[in-house]
Amino acid sequence: MAKGPTADPSLGLVEKLDLIGLPKTPITKPTVWYNGNEWRDHVTELVRGAKRYVVITSFLASNSLQNADFYQALVDKANEGVPIYFLVDGSGLFDMTESRKSLIPLMYLTHTPIHFLETKPISAARLVGASDFFFRYHQKVVIIDGQVMAVGGMNFNYISVGAPPGKDLQRDTMYEFTSPEAVAAFLDWFVPWWNDQSWDRLDLSDFPIDYSYKQDEPKVDAWLVNEVPGSHTIGSAYGALLSSAKESVEILPFLPALDANMMQAIKETVARGVKVSMVISYDKRTSDRYMYLPLLEAGVDMRIEPPSEKGLLHEKLMVVDDRYVMVGSSNFNVRSMALSYEICLIIDDPDLAKMAHQHYNELYDQAVYVSPEEAKEWRTFGKMLMHMLMTVGG
């Protein structure tokens, strides 16, 4: 993030993204979904209307009484003969959030026509592959008929899309848009990757892309960021945005467990006179509090949400210079940069950036400042251990 040409302030952002090898993928102006219940109901209707295929990937996913209509829609559509491809990370059965109280594991989908893949399931038998045990599939993607695509931070489990609004339902976002280029870029990677993970063989010809759908709608420039562990694509993209910032950087990081390289990138951005601010969520796990003091000392305008009856702020967002918006599945931390499959969009759209800025400011205004003296009290051995655990597993 702080090294190489993508960290060079003298290069333009587009030049840097080209150096990283990110495909330029124009998209329609995205619809932003902030409520998980509404997003679940919307996707359910999209699935019911699908005619060619459905691709859904999720980190944590499980059925529940509240999500039963969504999962039944998937099964019904598969029974109609429309191919449904559903991928979930193997840690889903170890969901330790409030979802565990309502969790119905998805293995029953293997007895339906759905193409269901649980990637890297956690079991004693997989200890022979311990070298990649910590690589998790963290992408959240929805593709319908090669026409509609969405990326963001919402899983398909109880706390993301099933719980009633309040303390259990997470606050998060999904960005829905149309982009044949983005769909093609993702599927070009996803299909061979799926074939490496499963006996279920896919072919790109199974996924026709509708290039005529909404072709006359206005488009904005965007870049699809697809992170495979070890590729450093996400880190380079964040670094490119930070080193290109001229006035402001606003970040919702979720779990900000930063390494020295990431801290250096932040410090260099602040040193150029850029205002860097960050709002971190109140989390019972408190791992993010351990990083509060170092970020504060680096010159970041830090705020933390106070305890409340609102759901956990799970959103991932970066707004740069009221012009560029980076959204998707990636937390601003080491795990997302090095140990997870992630997907994000960098969107060049001042209108969207203005909306994201206003949303960020609402969260910022409700959050509180913590002094260095108070933050020092969070630098305990216990919180350090939790911080290390979240660095690897969060």
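Predicted model: local features only at pLDDT ≥ 70, side-chain atom pairs only at ≥ 80, totals over all residues.
Glu 305 lies in the loop that joins strand 13 (301-304) to strand 14 (317-320). Its relative accessible area is 9%, so Glu 305 counts as buried, the limit being under 20%. Beyond its neighbours within four places in sequence, Glu 305 is in contact with Arg 171, Val 279, Ile 280, Ser 281, Tyr 282, Leu 313, Leu 363 and Ala 367. For one of these, Ser 281, the C-alpha atom is separated from that of Glu 305 by 5.2 Å, although the two residues are 24 residues apart along the chain. With Arg 171, the side chain of Glu 305 makes a polar contact to the side chain at 2.7 Å.

Side chains of opposite charge can pair when their charged atoms come close. Across the whole structure, 12 salt bridges are found. One of them joins Asp 301 and Arg 303, with 2.8 Å from N to O, and both residues are buried.

Other pairs have different surroundings. Arg 48 and Glu 45 form a salt bridge in which the closest N and O atoms are 2.7 Å apart. Because they stand 3 residues apart in helix 2 (residues 36-48), about one helical turn separates them. Arg 48 is partly exposed at 43% relative accessible area, and Glu 45 is likewise partly exposed at 47%.

The salt bridge between Lys 77 and Glu 80 has its closest N and O atoms 3.0 Å apart. Here Lys 77 is buried, with a relative accessible area of 6%, whereas Glu 80 is exposed, at 58%. Finally, a network of salt bridges links Lys 29 with Asp 349 and Asp 351.

Technical notes. Residues numbered from 1 in each chain as written. Heavy atoms only, no water. Helix = DSSP H or I, 4+ residues; strand = E, 2+ residues; numbered from the N terminus. Buried < 20%, exposed > 50% of the residue type's maximum accessible area, 1.4 Å probe, protein only. Contact = heavy atoms within 4.5 Å. Polar contact = N/O pair within 3.5 Å; in protein donor to acceptor, adjacent residues only side chain to side chain. Salt bridge = Lys/Arg side-chain N within 4 Å of Asp/Glu carboxyl O.
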